[in-house]
Amino acid sequence: MPERLLLKNCLPYDARRNAAPIDLLLEDGRIAQMGPKLSAPPGAETLEAEGRVVAPGFIDVHIQGAGGADVLDGTTEALHTMARTLPRFGTTSFLATTAFHFNKPNHHLEVAARAVGKDLGGAHLLGIHLEGPFINPDKRGGMSPTCIGPPSSRTWGEVFRLTGDALKMMTIAPELNGAIPLVIELLGKGVVPSFGHSAATYEQAAQGFAAGIRHVTHLFNAMAPFHHRVPGPLPAIAETKGVTVQLIADGVHVHQAAVRLAWRLLGPQGIVCITDGIQALGLPEGGYVYNGREYEARNGIARYLDGTLIGTAMGLNSLVRRLQLFTRCSLKQAIDTVTANPARLLGLQRKGALAVGADADLVVLEEGLAVWATIVGGKTRFRRE
């Protein structure tokens, strides 16, 4: 018998004001029907939403860890922990974001690659986002120096051997010697090259975008700032048609005024909200260790003990809420930054939308984007009592 779930009396996130609630029938991992007062078929479980908002499940293209686990742990158990933690925050799909080591084995990449598409008991693991290793050491931020090296066919060959088709995105600094040919090769393999951790000038950034880069890793962070005589990469980003940018809209990594500036420059379809989350996401505040270094997580922000920002410990729902508060955008526009926009970026045809035939990855939301329930592949993976 098909696996069925009937989600009753929910308001679509993109509905007009005063719209009537609808029901969604989920069958074998897809949205089978949408409409008012649907009848539960035999054997279907029913979940009564009581007028709460329903949206597509959130997609995080830049997250390194959660629930006390990290991709760098190099274990299937760590990926299970991440996958089970993320639905608490509305996330139903993610890219395992991590680094490449030059000084030790990269078993974690093989483990993550093998786990793509497997049932991890929570959010879907869509693939790997490799942050580096071909980035500028002058803009490494919280990245370890041992995870950075110049573009070379030998290193790229090793990366691709370890990751194969699981590699979906790579952050790269286009000003490095040999970076542009690699950008072209990444595009040929269906990998999203993402501008980031870069000291590129305006001209160097423009060259990277001319080569085909259409995405940017955590805008403003780990890149040259704007100056009216030395403009840096920001104008090149804004001038590039079809570019999307990752944004950590927490008001700390990026000041709320800069969040508003990005929104005005790039528009609702140009922003992809991310957590840049690390293992402390979903854990109490306190001290932890990332990549061999101690850090503290306070108020959703993670810093090494020297003050260097290394990511957030904040759920994606909270970041989307802050984006909405900072920009005064609509609920639909805010949620699209973690649904429709990343789905389009990654070429995901059945995710990021509320539509018949789409994957049954859904989040049910309360006031302030608090998560009440998260459904992944038609299965309830989180429910707040």
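Predicted model: local features only at pLDDT ≥ 70, side-chain atom pairs only at ≥ 80, totals over all residues.

Biologist: Which side chain makes a polar contact with Asp361?

Modeller: The side chain of His124 does, at 3.4 Å. The backbone takes part as well: a polar atom of the Asp361 side chain lies 2.8 Å from the backbone nitrogen of Gly377.

Biologist: Where is Asp361 placed, and is Asp361 buried or exposed?

Modeller: Look in the loop between helix H10 (340–346) and strand S20 (362–365). Helices (H or I, at least four residues) and strands (E, at least two) are DSSP runs, numbered from the N terminus. Asp361 counts as buried because its relative accessibility is 6%. Contact means heavy atoms within 4.5 Å, and leaving aside neighbours within four places in sequence, the contacts of Asp361 include Pro56, Gly57, Thr92, Ser93 and Lys351.

Biologist: How do I find empty space inside a model?

Modeller: Rolling a probe the size of a water molecule over the atoms shows where empty space is left. The search runs on a 1 Å grid over the protein atoms alone: a cavity is a set of points where a 1.4 Å probe fits but cannot get out, a pocket is an open set with protein on both sides within 12 Å along at least five of seven lines, and lining residues have an atom within 4 Å of a point. Grid points are joined across faces, edges and corners, and a volume is the space filled by probe spheres set on the points.

Biologist: How many cavities of 30 Å³ or more does that rule count?

Modeller: One. The largest cavity holds about 50 Å³ of space, and Asp361 turns up again in its lining, along with residues including Ile59, Arg350 and Asp359. For classes, Ala, Val, Leu, Ile, Met, Phe, Trp, Tyr, Cys and Pro count as nonpolar, Asp, Glu, Lys and Arg as charged, and the others, Gly among them, as polar. This lining has three nonpolar, four polar and four charged residues.

Biologist: Which residues lie nearest the centre of the largest pocket?

Modeller: Of its 22 lining residues, those are Gly141, Gly142, His197, Leu309 and Ile310. Strand S19 (309–312) gives the most to the lining, three residues. The space comes to about 280 Å³, and the lining divides into eight nonpolar, 11 polar and three charged residues.

Biologist: Now helices. How do I read which side faces inwards?

Modeller: An α-helix has 3.6 residues a turn, so residues three or four places apart point the same way. In helix H3 (153–163), Thr155, Trp156, Val159, Leu162 and Thr163 are buried. They cover an arc of only 130 degrees around the axis (the arc of the directions from the helix axis to the C-beta atoms), which puts them on the same side of H3. Among the elements covering these residues are helix H2 (107–115) and strand S10 (124–131).

Biologist: Which exposed residues sit on the face turned away from the buried side of H3?

Modeller: Ser153, Arg154 and Arg161. Arg161 counts as exposed because its relative accessibility is 55%, and its side chain makes a polar contact of 2.9 Å with the side chain of Glu158. Arg161 and Glu110 are 51 residues apart in sequence, with 8.9 Å from C-alpha to C-alpha. After H3 comes Gly164, with a positive phi near 55 degrees.

Biologist: What are the buried residues of helix H7 (256–266)?

Modeller: Ala258, Val259, Ala262, Trp263 and Leu266. Seen down the axis of H7, they fall within an arc of 145 degrees, so they line one face of the helix. Their packing partners include helix H6 (234–239) and helix H8 (316–327). Just after H7, Gly267 has a positive phi of about 80 degrees.

Conventions:
Residues numbered from 1 in each chain as written. Heavy atoms only, no water. Buried < 20%, exposed > 50% of the residue type's maximum accessible area, 1.4 Å probe, protein only. Polar contact = N/O pair within 3.5 Å; in protein donor to acceptor, adjacent residues only side chain to side chain.
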